[in-house]
Amino acid sequence: MLQIQLVAAGQPSQEVDYQPIGTVTLDDQPFAWDLTALGAGRYHVLYQNRSYNAELLEIDYATKTVVLKLNGERLELRAKDRLDLLLDKMGLSAAVSTKVNELKAPMPGLIVDVRVQPGQTVQKGDPLLVLEAMKMENILKAPGEGVVAAIKVSLRDNVTKGQVLIQFA
């Protein structure tokens, strides 16, 4: 079983329990829905006799965030698993800010936008680069606070997985 807490900006958090075989619960209530994949990150959802169009815009596995467009409205969700919830309960989740030394390519792709310059101060979550991979644009964000020391790639460069893209001071 996977227990997740979903947090959307301006909305109360919700508890989701997911089991590969069995029912999904939302705030301890059964969650019955019908989901149909339409391709290219697009889905059709039926829930409580209402129809929804959903599009996956962005997913960041490191920060456990998902950005969706639901019936034309942008929605950002953050998932917290049991470990995250335990760390929050213990007061350890925001105890130390992360100092980063470099940003590496998470997958091979093409650099289609560079959104920072050397000397620029960035905060965790700030957009740094846009990497196109498998016909999807992935916004690479700062994993922590830092100052951009050097940008090791240029616009339209092909990069490999693990290649250093940005160095921080």
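Which residue in S15 does Thr121 stand opposite? Thr121 stands opposite Val147 in S15.

## Basis of the model

This is a predicted model, in which local features need pLDDT of at least 70 and side-chain atom pairs count only at pLDDT 80 or more, while totals for chains, interfaces and linings use all residues. Residues are numbered from 1 along each chain as its sequence is written, and side-chain values use heavy atoms, with hydrogens and water left out.

## Overall composition

The protein has 17 strands and one helix. Helices (H or I, at least four residues) and strands (E, at least two) are DSSP runs, numbered from the N terminus. Of the 169 residues in the protein, 24% are buried; buried means under 20% relative accessible area, exposed means over 50%, and partly exposed lies in between (1.4 Å probe, protein chains only).

The accessible surface of the protein comes to about 11300 Å², and carbon and sulfur atoms account for 53% of this area. Accessible areas come from the Shrake-Rupley method with a 1.4 Å probe, and for residues only the protein chains shown count as cover. Among contacts with a separation of 6 or more, 40% are between residues 24 or more positions apart, where a contact means heavy atoms within 4.5 Å.

## Strand pairing

Strand S15 (residues 146-151) is joined by two bridges to strand S12 (residues 121-122), and the two run antiparallel. S15 is also joined to S17 by three bridges, again in an antiparallel arrangement. In this second pairing, Val148 has Phe168 of S17 as its bridge partner. Two strands pair if DSSP finds at least two bridges between them.

## Nonpolar core

The largest nonpolar core has 17 residues, and those with the most contacts inside it are Leu128, Leu129, Leu165, Ile166 and Phe168. Strand S13 (127-133) and strand S17 (164-168) are the elements that give two or more residues to this core. Such a core is a set of buried Ala, Val, Leu, Ile, Met, Phe, Trp, Tyr and Cys residues joined through side-chain atoms within 4.5 Å.

Leaving aside residues up to four places away in sequence, Leu165 touches Leu103, Lys104, Ala105, Ile111, Leu129, Leu140, Ala150, Ile151, Lys152, Val153 and Val159.

## Salt bridges

The structure holds three salt bridges, each defined by a side-chain nitrogen of Lys or Arg within 4 Å of a carboxyl oxygen of Asp or Glu. One of them joins the side chains of Lys141 and Glu58 (3.1 Å, N to O). This pair links distant parts of the chain, 83 residues apart, with Lys141 in strand S14 (residues 136-141) and Glu58 in strand S7 (residues 50-60). Lys141 counts as partly exposed because its relative accessibility is 25%, whereas Glu58, at 13%, counts as buried.

Lys104, which is also touched by Leu165, meets Glu102 in a salt bridge between their side chains (3.6 Å, N to O). Lys104 is partly exposed, with a relative accessible area of 44%, and Glu102 is partly exposed at 33%. The side chains of Arg115 and Asp113 likewise meet in a salt bridge (2.9 Å, N to O). Arg115 is partly exposed at 40% relative accessibility, and Asp113 is partly exposed at 28%.

## Nonpolar surface patch

Leu83, Leu86 and Met90 make a nonpolar surface patch of about 310 Å². Patches are made of residues with over 30% relative accessible area and no salt bridge; like charges are joined within 9 Å, and nonpolar side chains (Val, Leu, Ile, Met, Phe, Trp, Tyr) within 5 Å. Leu86 lies in helix H1 (residues 82-90) and is partly exposed, with a relative accessible area of 44%.
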